[in-house]
Amino acid sequence: MRTQVAIIGAGPSGLLLGQLLTRAGIANVILERHTPEYVLGRIRAGVLEQGAVAMLDEAGVGARLHAEGLVHGGIEILWAGTRHRVDLNGLTGGKNVIVYGQTEVTKDLMDARRASGATSVYEAEEVSVHGFDGTKPVVRYRHGGAAHELECDFIAGCDGFHGVCRQSVPTRAIRTYERVYPFGWLGLLSETPPVSHELIYVSHERGFALCSMRSHTRSRYYLQCSLDDKVEDWSDERFWEELGKRLDARAVADLVTGPSIEKSIAPLRSFVAEPLRFGRLFLAGDAGHIVPPTGAKGLNLAASDVRYLYDGLAEYYRKGATAGLDAYSERALRRIWKAERFSWWMTNLLHRFPENGPFGEKMQLAELDYLFSSKAALTALAENYVGLPY
Ligand code: RFL
Ligand code: PHB
């Protein structure tokens, strides 16, 4: 088989890139390790920046997002027992975020890809990438018990943090930067109305918590937990009880509990690989970088990477020029590092770090107190939360 762009991974990065390329008449094949059902079963991001929404519109998949997504002009931060609102809209001259689950984004992109007739190979096994240092890259994989070879012009490594693409680059050609946090997030999804109409980020002495949502009838909650915790240790009852202990009295009164639909623990990590281009192999999304979820930036960074990569590929196929592809790594990394900084800062501000002791807690309280007494500081939070320009 031969194509122009071979895309490894059918997460949001791979599907969005594929959709944009297909619409531009650039042939592409997506190879995904898992089944579509498995990919849709992963409960992840919930908050989209306007830049990501614009990309989904450009890909022709914005209709349901605009009909069903919840426009949020603010978030709340609860600390020292009181909730404080961050007026995202007012502080950024009218910008909002949209609450619309990654599952729905992925479903919309999968439906559009199916309708376009472009090739996707799910349950592709033993995917390996070759020859990207030269002019004729090849992707090998197994499917349905047989070995296959896909010749292409470029390989887009959209295969997430544990994917094969980044790991196929010689160690001397890549440098990685990492911070692993000493706790995780335990997430619970339930068919219950959200406790509040906006997200509540909670800094509490028992640990961070987050009240989020997927719709007016479906809620997503998170608790900072120990890395030793197992999901089995957390009955629904224990989860709701612990969440109640971290919320204010009004939220406790408003909280509607119910059985979980999904419960999982995610470790928190900051990670960046440099560069993001190796000859004809490009890394995009979680394959090249990870942020802790506190700033809601992971999926949004995947969208901005795809913006730069797609523009480079479109320019190459339209005009034969390589300027966009040559600039990809540097352009993407400038935005990535700023989102890394913001996510790291929000994580440090709101979580309990036992090793930082009472002094560290005082620093967090002083920073929160300063934040809500300074329009300049709040504006900095707001403009990062709604998303820096592409
Ligand atoms: P994905 O989604 O991991 O998709 C990669 C795909 O590649 C496949 N794959 C392979 N395929 C073939 N061969 C191989 N060898 C392969 N290895 C892997 C995988 O099966 C998979 O389908 O990466 P992508 O597309 O770059 O998308 C990134 C986002 O998924 C991620 O950044 C976000 O989910 C992060 N994130 C959030 N981002 C936000 O913007 N806003 C949020 O509110 C937000 N909340 C979150 C989050 C992530 C979380 N977790 C669980 C990590 C909340 C949580 C709890
Ligand atoms: C979510 O709804 O899953 C979510 C929202 C905001 C975050 C992280 C996750 O910062």
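Student: So what classes of residue make up the shell around ligand 1?
Tutor: By class, that shell holds 15 nonpolar, 11 polar and seven charged residues, where Ala, Val, Leu, Ile, Met, Phe, Trp, Tyr, Cys and Pro count as nonpolar, Asp, Glu, Lys and Arg as charged, and the others, Gly among them, as polar. Bear in mind that this is a predicted model, in which local features need pLDDT of at least 70 and side-chain atom pairs count only at pLDDT 80 or more, while totals for chains, interfaces and linings use all residues. Side-chain values use heavy atoms, with hydrogens and water left out, residues are numbered from 1 along each chain as its sequence is written, and chains are lettered from A and ligands numbered from 1 in the order in which they are written.

Student: Which residues are closest to ligand 1?
Tutor: Of the 33 residues that surround ligand 1 (a heavy atom within 4 Å), the closest are S13, E32, Q102, D286 and L299.

Student: And what about polar contacts there?
Tutor: Taking a polar contact as a pair of N or O atoms within 3.5 Å, a polar side-chain atom of D286 lies 2.7 Å from an oxygen atom of ligand 1, and a polar backbone atom of N300 is 3.1 Å from an oxygen atom of this ligand. On its own, ligand 1 has 1000 Å² of accessible area, of which the protein covers 89% (Shrake-Rupley method, 1.4 Å probe).

Student: Switching to ligand 2, why does it lie between the domains?
Tutor: Domain 1 (5–72 + 96–177 + 269–347) and domain 2 (183–268 + 352–386) both give residues to its shell, so ligand 2 lies between them; the bounds come from an automatic or database domain assignment.

Student: Which side chain has an N or O atom 2.6 Å from an oxygen atom of ligand 2?
Tutor: That is the side chain of Y222, and a polar backbone atom of T294 is 3.2 Å from an oxygen atom of ligand 2. The protein buries 97% of the 270 Å² that ligand 2 exposes when taken alone.

Student: Last topic: how much space lies in the largest cavity?
Tutor: About 90 Å³, where a cavity is a set of points on a 1 Å grid over the protein atoms alone at which a 1.4 Å probe fits but cannot get out, and the volume is the space filled by probe spheres set on the points.

Student: What lines it?
Tutor: The lining residues (an atom within 4 Å of a point) of the largest cavity include P12, L48, V105 and L299, and by class this lining has 10 nonpolar, one polar and no charged residues.

Notes. Polar contact = N/O pair within 3.5 Å; in protein donor to acceptor, adjacent residues only side chain to side chain. 1 Å grid on protein atoms, 1.4 Å probe; cavity = no way out; pocket = protein on both sides within 12 Å on 5 of 7 lines; lining within 4 Å.
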